Amino acid sequence: MKVIDKEQQIAEAFRRGETSAMDDLFALFSGYLMGVGMRYIADDDEVKDVLQEAFIKIFTQFHTFQYRGKGSLKAWVTRIMVNECLTTLRQKQKIDVVDGEQVPDLSDEEPDTEGLDGNVLMEMIRRLPEGYRQVLNLYVIEGLSHKEIGQMLHIKPDSSASQLHRAKTMLAKMINDYKRRLG
């Protein structure tokens, strides 16, 4: 007997037109996608609105999804959520972009996250300026290049690199300040 994973079960249920597939998909990914949204958008209520829009797009566009093995559904819904977050931020004109020429000399200090609670780190990331947070997430979490980030955010690749550098520097300072207060 062939064992199929939960993602494949959901995909097949959608193909058969089973309405329970929507509930299953929502139950499987809503918490995860909320976390993705919280990395990009600081306001919890706004994240919930974006999550709702993402699920509407997921449900109405599911016919375009191609199951390609375990993890392919998660990757697809994640991409939709990230795109919805970026669209929302662009519409609100919250992207804070700094040209590469304006970047002051900053230390190359990497954030030391060892021993740091994940929730504390998430809150620190959410306190970063919008542009910094977006580039940090797209580069570090989503694995995009600065060229790809530049295309998505309509900025120069050099601006993406400078935003990432500033985000890491600011995050490192927040982490170090936090650890000094604890220690």
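The turns below take the labels one by one and set each value against its definition.

Mentor: This is a predicted model, in which local features need pLDDT of at least 70 and side-chain atom pairs count only at pLDDT 80 or more, while totals for chains, interfaces and linings use all residues. Residues are numbered from 1 along each chain as its sequence is written, and side-chain values use heavy atoms, with hydrogens and water left out.

Trainee: How many helices and strands does the chain have?
Mentor: The chain has eight helices and zero strands. Helices (H or I, at least four residues) and strands (E, at least two) are DSSP runs, numbered from the N terminus.

Trainee: What share of the residues counts as buried?
Mentor: Of the 183 residues of the chain, 41% count as buried. Buried means under 20% relative accessible area, exposed over 50%, and partly exposed in between, with a 1.4 Å probe and protein chains only.

Trainee: Why is the pair of F14 and F62 called stacked?
Mentor: Rings of Phe, Tyr and Trp (its six-membered ring) pair if their centres lie within 6.5 Å; planes under 30 degrees apart count as stacked, over 60 as edge-to-face and the rest as tilted. The ring centres of F14 and F62 are 3.9 Å apart and their planes are at 15 degrees, so the pair is stacked. F14 is in helix α1 (residues 6–15) and F62 in the loop between α3 (44–61) and α4 (72–91), 48 residues apart, and the pair links these distant parts of the chain. Both F14 and F62 are buried.

Trainee: Why is the pair of F62 and F65 called tilted?
Mentor: The centres of F62 and F65 are 5.4 Å apart with the planes at 45 degrees, so this pair is tilted. Both residues, F62 and F65, are buried. A search of the whole structure finds seven aromatic pairs, and F14, F26, F55, F59, F62, F65 and W76 form one aromatic cluster.

Trainee: What makes K74 a charge over the face of Y32?
Mentor: A charge sits over a ring if NZ of Lys or CZ of Arg is within 6 Å of the ring centre and within 35 degrees of the ring normal. K74 lies over the face of Y32, at 4.4 Å from the ring centre.

Trainee: Why does the contact between R39 and E142 count as a salt bridge?
Mentor: A salt bridge is a side-chain nitrogen of Lys or Arg within 4 Å of a carboxyl oxygen of Asp or Glu. For R39 and E142, the closest N and O atoms are 2.7 Å apart, and the two form a salt bridge. R39 lies in helix α2 (residues 20–40) and E142 in the loop between α6 and α7, so the pair ties together parts that are 103 residues apart in sequence. R39 has a relative accessible area of 13% and is therefore buried, whereas E142, at 26%, counts as partly exposed. The structure holds eight salt bridges.

Trainee: Which residue forms a salt bridge with E130?
Mentor: R133 does, with the closest N and O atoms 2.7 Å apart. E130 and R133 are three residues apart in helix α6, so about one helical turn separates them. R133 has 1% relative accessibility and so counts as buried. The side chain of R133 also reaches the backbone oxygen of R126 at 2.8 Å, a polar contact being a pair of N or O atoms within 3.5 Å; within protein, one must be able to donate a hydrogen and the other to accept it, and residues adjacent in sequence count only if both atoms are side-chain atoms.

Trainee: Where is R126, and is R126 buried or exposed?
Mentor: R126 is found in helix α5 (residues 118–126). At 7% relative accessibility, R126 counts as buried.

Trainee: Why is H154 called exposed?
Mentor: The relative accessible area of H154 is 63%, so H154 is exposed. H154 lies in the loop between α7 (146–153) and α8 (157–182). Its phi is near 60 degrees, a positive value in a residue other than glycine.
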